[in-house]
Amino acid sequence: MSEYRVIGPEGYTVDWDLPYTDYFWVPPETKDDLMPASSFCQVAVVGFIFHHEPRPPKYSYVGFRFGAEATDAGKACVLSRLKAVPALTTYAKKK
């Protein structure tokens, strides 16, 4: 377990920990801003909905990855505007 571990709340069957994945969690307050942020920052993103992948409850069901051509400056711009964080790997809870 790392210091980044997120314990799934009661009723969840998963926890999250390192390593980071290549997608990002977005807080609910910025979930509708993904495409405007992408346009403003001039960086391609691939947005998706977490249908079957659990995510911590403080994050929205909206997630994204950066396109292959994304620059470091473009990534930093989008992450800052969305307050997005790298998603951790999902692990089944140990019983």
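How many of the 5 residues of strand β3 (residues 62–66) are buried?

1. **The covered strand.** The answer is 4 of the 5, so to speak a mostly covered strand, if we take buried as under 20% relative accessible area. Please bear in mind throughout that this is a predicted model.

2. **Partners of β3.** Strand β3 pairs with two others. With β2 (residues 45–49), the pairing is antiparallel and runs over 5 bridges. One of the residue pairs here is Ile 49 with Val 62, the latter being the bridge partner in β3. With β1, the pairing is again in the antiparallel sense, over 2 bridges. On that side, Trp 25 finds its bridge partner in Gly 63 of β3.

3. **A reminder for reading the sheet.** In a regular strand, side chains alternate between the two faces of the sheet.

4. **Order of elements.** The chain holds 2 helices and 4 strands. Read from the N terminus, they come in the order β-α-β-β-α-β.

5. **A loop residue worth a look.** Where does Thr 30 sit? Its place is the loop that links β1 (14–25) and α1 (34–41). Is Thr 30 buried or exposed? Thr 30 is buried, because its relative accessible area is 5%, and the cut-off for buried is under 20%. Once neighbours within four places in sequence are set aside, Thr 30 is in contact with Arg 81 and Leu 82.

6. **Overall dimensions.** A compact globule of 95 residues would have a radius of gyration near 12 Å, and the 14 Å of this chain agrees with that. Along the principal axes, the C-alpha atoms fill a box of roughly 45 × 25 × 20 Å.

7. **Contacts along the sequence.** Take the contacts between residues at least 6 apart in sequence: 68% of them join residues at least 24 apart. The contacts of Thr 30 with Arg 81 and Leu 82 give you a place to start browsing.

8. **Burial and surface.** Of the 95 residues, 35% count as buried. The accessible surface of the chain is about 6100 Å², and carbon and sulfur atoms account for 56% of that area.

9. **Charges.** The chain carries 11 positive and 11 negative charges.

Technical notes: Residues are numbered from 1 along each chain as its sequence is written. This is a predicted model: local features need pLDDT of at least 70, side-chain atom pairs count only at pLDDT 80 or more; totals for chains, interfaces and linings use all residues. Side-chain values use heavy atoms; hydrogens and water are left out. The radius of gyration is taken over C-alpha atoms; the globule rule is 2.2 Å times the number of residues to the power 0.38. Buried means under 20% relative accessible area, exposed over 50%, partly exposed in between (1.4 Å probe, protein chains only). Contact means heavy atoms within 4.5 Å. Accessible areas come from the Shrake-Rupley method with a 1.4 Å probe; for residues, only the protein chains shown count as cover. Lys and Arg count as positive and Asp and Glu as negative; His and the chain ends are not counted. The place of a charge is taken as NZ of Lys, CZ of Arg, CG of Asp or CD of Glu. Two strands pair if DSSP finds at least two bridges between them.
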